Amino acid sequence: MSNVLHRVKKTAIPAVIAAATSLGMSAPAMAEWSPKKPIELIIMAGAGGGADQIARLLQGLIEKNKLSPRPVIPINKAGGSGAEALRYIQDKAGDDHTLLVTLNSFYTTPVIQEGIGVDVSNFTPIGRMAIDNFLLWVHQDMTDITDLDSYVAAVKAAGNSWKVGGTGTGQEDSILTAMMEKEFGYDVIYIPFPGGGTVAKNLVGKHIDSTVNNPAEQNEFFRAGNTKPLVQFTAERLPAYPDVPTAKELGVNMEYYMQRSINGPPGMSAEAQEWYINLFKTLFESEEWQKFCVEDGLACDTYVSGAELGTYHQQQIALHKELIEAVGASAITGE
Amino acid sequence: MEEILLHLAGGLSQAMEPLNFMMIILGCALGLLIGAMPGLGSVNGVAILLPITFLVPPTSAIIFLAAIYYGAMYGGAISSITLGIPGASTAVATVFDGRPLAQAGHADKALTAAAVASFIGGTISVILFTLFAPPLATFALKFGPAEEFSLMLLAFATFIGLGGDDIPKTIFSILVGLVLAAVGLDIISGQPRLVFGDIDGFLHGINFLVLAIGIYGIGEMLWTLESTQGEVVVHKVKMSLSQLIENLKDVKSYIATTSLGSVLGYFVGTLPAAGATPASLMAYGLAKTFSKDPDSFGKGNVAGVAAPEAANNAASTGSMLPMITLGIPGSPTTAILLGGMIIWGLRPGPLLFTENPEFVWGLIGSLYIANFATLVINIAFIPLFVKVLTIPFTILAPIIYILCVVGGYAPTQTMHDVWLMLLFGVVGYLLRKLNYPVAPAVLAIVLGPLAERSLRQSLLSSQGELSIFVTRPISAVCILIAVGLVCYPLVRKFKKKTGETAS
């Protein structure tokens, strides 16, 4: 449908909308909305990380297949575990040309950092593009560590000086790290970096001891023999990592996923929301996107959009509040 | 070595293919225009032009994007020199001496120096890239938070000497910059700091370009208006071939600092955390520190234009390295290049060099050609750019004002930044009247966040032990050089004094 849309003469669109609204028409006119200026695609994490790669791939696919009459410009706002991006979107209330690519800090950051005054349940849900997974990674040179047991032993032996890299206090990986601290009864030093790519680089350069990166962030280093995964926090083994056991198989009940979704600011117009839902549906179903999902260990089975995604967000917010309570907000912030 | 030459020959011949060659020329020319527009910058430019790349094969597309990036690096210098407005953050250091040169009627000199230095910087860095990419990629990995912080310290040290003899005023200026850099959300805990009673706009921090455009664009305009009472002498700059050859002869006077700036720029560019803006500022600081005549910097020294221009082009080549080998873009523009690569199924990482050699070497080959093309295009356009300076100041001043407002508004599209930019303009004017150097404040606001993050990461990992900065060899060397740089102007001053009393 969006293909049809962009063929409509740009000059005609405002006129059609104006005419439609003045006549009190709604449903048929809705589909006539299309972007009138460049669309900002805000990434709540640094360049080179999982969300960044996704945003840039989506931008490219939109341009390549001419799905939007106006360009899409990805902008990284990684500050304060995504707080910078969330606040930016909140302040853009009512704007139809700003979108946010999320990670789970979308749920956690507003809970942990009440000071930023953001309520994501007001944001306009567009579409969920994928479910991302987590694995535990160490450097290949750590020959003593071959599995989860030897990892836990090594962390304990290090006392309180084991360094875990992550993308920010309160980000999903810090929650997973706190969950592991609680489960195995050890304490680590958590060092935040501005994005999953930088975390990966610091693991390869041995400035940190371990990390819970997403597959996309470590794949190339794994293939090059720099790093190795020890365990995956999924229900079943990912096709990309058939030899790596899940935590469940090892008797540890720990499963954690991350949604990758697109959301608009609070109060985005229904017409724009509709247009974006269709745009990202087209992208979700594209061959390129599905191929990317398989290669990068993402699950892209169903496209959840609009109100349905809003409900999903509500469930996830509740789940994350529970998780944060269970491990204690102070365990995450390290205070 | 033979293998490298073979690859390079392949890459060069690939870059010389008609389509690729055309993409280079087109990219350089477009980049030049994009870079010259204040506030547009290469990020937006590359993003807007991304669709064109889908019409051609992946290697040509990346070559095109790289050429735009390259051209924009130089384009930033044009508005820095002719209008005194930094077209992009990477060109801020170019204003320091470029603008005074233009005001003295030597815009052609400054523009030629910028073009030649960009060419030298680009060429030295691409040669370094060709010869040492894999070992340097390994070296870049050795840079953890502690090393990054020590490098930032080194950058600050190069600037202590920047304020001339008045070291206390320089330190004051650096501190003001650091405070401004701290505004916004805490980079580690995400708590709001210094947001002035919850003014929303401050939560996003202070955009560095807003400060630079305010201080240099508006501040300079006010200063010129006051000092001349509107009676600005219009310089008739004539650009002839003999004049050009004359200008090219200046190369001798800045070749040393330019080469130093190129190597430094390339190296800083390869570190994922830094990028071209810190590189250009550091190169400027170094050029001044090691100059025979440091007092002439900031008043129109050609070397002060050449050093940062060489460094920012070198850094833009350098930042290709972490993008290709680590998948970490060294700048927002390389992030867009990275996006392009992902779309074409080229996964950046340690294996890209071996698995897709024709792509990597095609890119490297194109950088050689792009360098040369930019030089030629630049020099050809200089007569056109200097024409800007023949416009009467009474007409030029309002144009500068409008461009500043547009440049302040464009990055975040909020009026908050426009007000802030105007405020910085007035403050910049006052600082100048009171004889405070502003360049160190500009440096501090760029490097402040980088330094703060790496300092806190280092101290987290060392559990508060400051010794982490001296026990790690690379970090220790950086600290040592930093201490040396702080002491160097003092030693020189002391020597000068003893020399005077002896004679």
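User: What should I know about the numbering and the cut-offs here?

Analyst: Residues are numbered from 1 along each chain as its sequence is written, while chains are lettered from A and ligands numbered from 1 in the order in which they are written. This is a predicted model, so local features need pLDDT of at least 70 and side-chain atom pairs count only at pLDDT 80 or more, whereas totals for chains, interfaces and linings use all residues.

User: Why are β7 and β9 of chain A said to stand at the edges?

Analyst: Strands pair if DSSP finds at least two bridges between them. The open sheet runs β7-β6-β8-β5-β9 in chain A, with mixed pairing. β7 (189–192) and β9 (227–232) each have a single partner strand, so one side of each is left without a neighbour in the sheet.

User: How do you know that β5 and β9 of chain A pair?

Analyst: Strand β5 (residues 135–139) and β9 of chain A share five bridges, in the antiparallel sense, and the cut-off is at least two. One example is A:His139, whose bridge partner in β9(A) is A:Thr227.

User: What makes two residues a contact, and how many residues of chain A touch chain B?

Analyst: Their C-beta atoms, placed from the backbone, must lie within 7 Å. By that rule, 44 residues of chain A are in contact with 41 residues of chain B. The largest share of chain A's side, eight residues, comes from α4(A).

User: Which classes make up that side of chain A?

Analyst: There are 14 nonpolar, 20 polar and 10 charged residues. Ala, Val, Leu, Ile, Met, Phe, Trp, Tyr, Cys and Pro count as nonpolar, Asp, Glu, Lys and Arg as charged, and the others, Gly among them, as polar.

Definitions and conventions
Helix = DSSP H or I, 4+ residues; strand = E, 2+ residues; numbered from the N terminus.
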